[in-house]
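Please walk through this model with the coordinates open.

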Amino acid sequence: MAGSIENMHAVYKKNVFTHVPPSPPAELIDCSNFFLDFSSRKFLNIGLDPTDEFNTVIHIITPPRFINISANFLKRIYRLMGYILLFILEKPQKYKRSLFLDTDSVTISSMVYQGENMLVMESKIQDGCRILLNLSDLLKLQDLEWSIFEIIKRKTEIVKSLIIQQINQIASYLKRNTEVVTKTLEDMTNRVKSINNIFITSHVIGFNFTSQL
């Protein structure tokens, strides 16, 4: 179901349906995982995103889809959790939809799917990034709240600074141990790959994230 829910009505009317999978999420550094539902393969990844200035992000992943949200956005979801659960527990009404949260990047709403009220989280900036969570998923998410934010705090306040420190250490090592001036990104990439990881590791102080970097 690529595109927004509103746009899908036109697609269904034409009896044309093409699954367009979204681009996979970025690989996270120091990634921690939580299962919402093992049998349905629904889980959370929490880690530092190298494409977003090493900020802590949350990937909520289901078999066909995922969505990328910030720690602050997740806090907003938890503040609304009581209201969301009240709606999810109501008797499903086929054409009833509720909008719980609408930001520049993500919307949270409801829909009826396979006879159940479902929470829908949909990205406004990444086509095809949308997930559906049922009552069981939301209750599991609620139970994990304390653990999730403990991990977010550790990554944000401790791990991020360690990673930035190690990047600076690796950069200093490369500067001291490379003689040829690199002129392009490809030159730099090849030069980094040519350095023996053992030498880099021996110059990194503290907990080592070199293999992930």
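**Aromatic pairs, sheet and cysteines**

Tyr 78 and Phe 149 are both buried. The model is a predicted one, and in it the two rings form an edge-to-face aromatic pair, with 5.5 Å from centre to centre and 65° between the planes. Tyr 78 belongs to helix 2 (residues 71-79) and Phe 149 to helix 5 (residues 145-177), so this pair ties together parts that are 71 residues apart in sequence.

Another edge-to-face pair is made by Phe 87 and Phe 100, at 5.8 Å centre to centre and 75° between the planes. Phe 87 sits in helix 3 and Phe 100 in strand 5, 13 residues apart, and the pair links distant parts of the chain. Both Phe 87 and Phe 100 are buried. The count of aromatic pairs comes to 5. Ring pairs also join Phe 35, Phe 38 and Phe 43 into a cluster.

The protein has 7 helices and 8 strands. It contains 213 residues, of which 40% count as buried. Among contacts with a separation of 6 or more, 50% come from residues 24 or more positions apart.

In what order do the 4 strands of the open sheet lie? The order is 5-6-7-8, with antiparallel pairing. Strand 5 (99-102) and strand 8 (130-133) are at the edges and have a single partner strand each, so one side of each is left without a neighbour in the sheet. From one strand to the next, the twist averages 25°. Helix 3 (residues 81-88) packs on this sheet and touches strand 5, strand 6 (106-113) and strand 7; the direction of helix 3 makes about 135° with that of strand 7. Helix 3 and strand 5 are also the elements that hold Phe 87 and Phe 100, respectively.

The pairings can be followed strand by strand. Strand 6 and strand 7 run antiparallel and are joined by 8 bridges. One point of reference here is Ser 110, whose bridge partner in strand 7 is Leu 119. The hairpin of strand 6 and strand 7 has 2 residues between the strands, and in it Gln 114 takes a positive phi near 55°.

Strand 7 (residues 116-123) also pairs with strand 8, in the antiparallel sense and over 4 bridges. Here Glu 122 stands opposite Arg 130 of strand 8. The hairpin of strand 7 and strand 8 has 6 residues between the strands, and Gly 128 takes a positive phi near 85° in it. Why is strand 7 described as largely enclosed by the rest of the structure? Of its 8 residues, 7 are buried, so the rest of the structure largely encloses strand 7.

The cysteines remain. How many disulfides does the structure hold? The number is 0. Cys 129, by contrast, counts as buried because its relative accessibility is 3%; the cut-off for buried is under 20%.

Conventions: Residues numbered from 1 in each chain as written. Predicted model: local features only at pLDDT ≥ 70, side-chain atom pairs only at ≥ 80, totals over all residues. Heavy atoms only, no water. Pairing = 2+ DSSP bridges. Axes fitted to C-alpha atoms, helices over the stretch in contact; angles between N-to-C directions. Contact = heavy atoms within 4.5 Å. Phe/Tyr/Trp six-rings, centres within 6.5 Å; stacked < 30°, edge-to-face > 60°. Buried < 20%, exposed > 50% of the residue type's maximum accessible area, 1.4 Å probe, protein only. Disulfide = S-S within 2.5 Å.
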